[in-house]
Amino acid sequence: MADGGLVVDGFEQASIFADPGTLAAHKEELRRQGAGPHLANQAVAAYLRAQQKAGRVRRDADVTAAAGLLLGACFQHAFLSHMSAPGHDDDGEAAASFARTLLESLTD
């Protein structure tokens with residue numbers, strides 16, 4: 001980084017969150033394009049809502065919270081996969097486990 005940013009193992013380290021101006025511009029561009037990370041949560045919640053209407057998910061289940069829990073678990077798994085030593089759970093196996101565990105709380 002030209003401004004003397006953090007260098008680790010010879011690689012410049014940067015994050016969109018490190019500069020408020022860059023983050024604000026990025027968020028504005030996402031908004032302008034009708035995009036953003038919230039759309040994944042909305043899509044999962046919509047799917048679960050459809051499953052509620054079909055009677056496969058309990059009527060009293062909080063599908064918005066369930067979507068956040070599922071995607072949060074997946075995000076944490078991805079983060080740990082990049083930051084941990086080899087031997088971390090298989091992605092498909094982890095995703096199936098997260099979904100199965102969550103569904104147990106959403107169904108009768």
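Select Gln 51. Leaving out residues up to four places away in sequence, Gln 51 touches Arg 56 and Val 57, where contact means heavy atoms within 4.5 Å. Gln 51 lies in helix α2. Helices (H or I, at least four residues) and strands (E, at least two) are DSSP runs, numbered from the N terminus. Is Gln 51 buried or exposed? Its relative accessibility is 14%, so Gln 51 counts as buried. The classes are buried under 20% relative accessible area, exposed over 50% and partly exposed in between, with a 1.4 Å probe and protein chains only.

A word on the model before the next stop. This is a predicted model: local features need pLDDT of at least 70, side-chain atom pairs count only at pLDDT 80 or more, and totals for chains, interfaces and linings use all residues. Residues are numbered from 1 along each chain as its sequence is written, and side-chain values use heavy atoms, with hydrogens and water left out.

Now select Ala 50, which also lies in helix α2. Ala 50 has 41% relative accessibility and counts as partly exposed.

Next, pick Gln 52. This residue sits in helix α2, which spans residues 38–53. Gln 52 is buried, at a relative accessible area of 16%. Which residues does Gln 52 contact, beyond its neighbours within four places in sequence? Show Val 57, Arg 58, Arg 59, Asp 60, Ala 61 and Val 63. Gln 52 and Thr 107 are 55 residues apart along the chain, yet their C-alpha atoms are separated by 9.3 Å.

Color α2 and α3. Their axes are 8 Å apart and pack at an angle of about 130 degrees. Axes are lines fitted to C-alpha atoms, for helices over the stretch in contact, and angles run from 0 to 180 degrees between N-to-C directions. α2 and α3 are therefore oblique to each other. Angles under 35 degrees count as roughly parallel, over 145 as roughly antiparallel, 65 to 115 as roughly perpendicular and the rest as oblique. The α2 and α3 crossing is right-handed. A crossing is left-handed if the near helix is turned anticlockwise from the far one by less than a right angle, and right-handed if clockwise.

Show side chains at this contact. From α2, include Ala 40, Val 44, Leu 48 and Gln 52. From α3, include Val 63, Ala 67, Gly 68 and Leu 71. By class, the contact of α2 with α3 has nine nonpolar, four polar and one charged residues. Ala, Val, Leu, Ile, Met, Phe, Trp, Tyr, Cys and Pro count as nonpolar, Asp, Glu, Lys and Arg as charged, and the others, Gly among them, as polar.

Move to α3 (residues 63–83) and α4 (residues 91–106). Their axes come within 10 Å and cross at roughly 155 degrees. That makes α3 roughly antiparallel to α4. α3 passes α4 in a right-handed crossing. The contact includes Leu 69, Cys 74 and His 77 of α3, and Asp 91, Phe 98 and Leu 102 of α4. Its residues divide into 10 nonpolar, two polar and one charged.

Finally, zoom out. The protein has four helices and two strands, in the order β-β-α-α-α-α along the sequence. Of its 108 residues, 14% count as buried.
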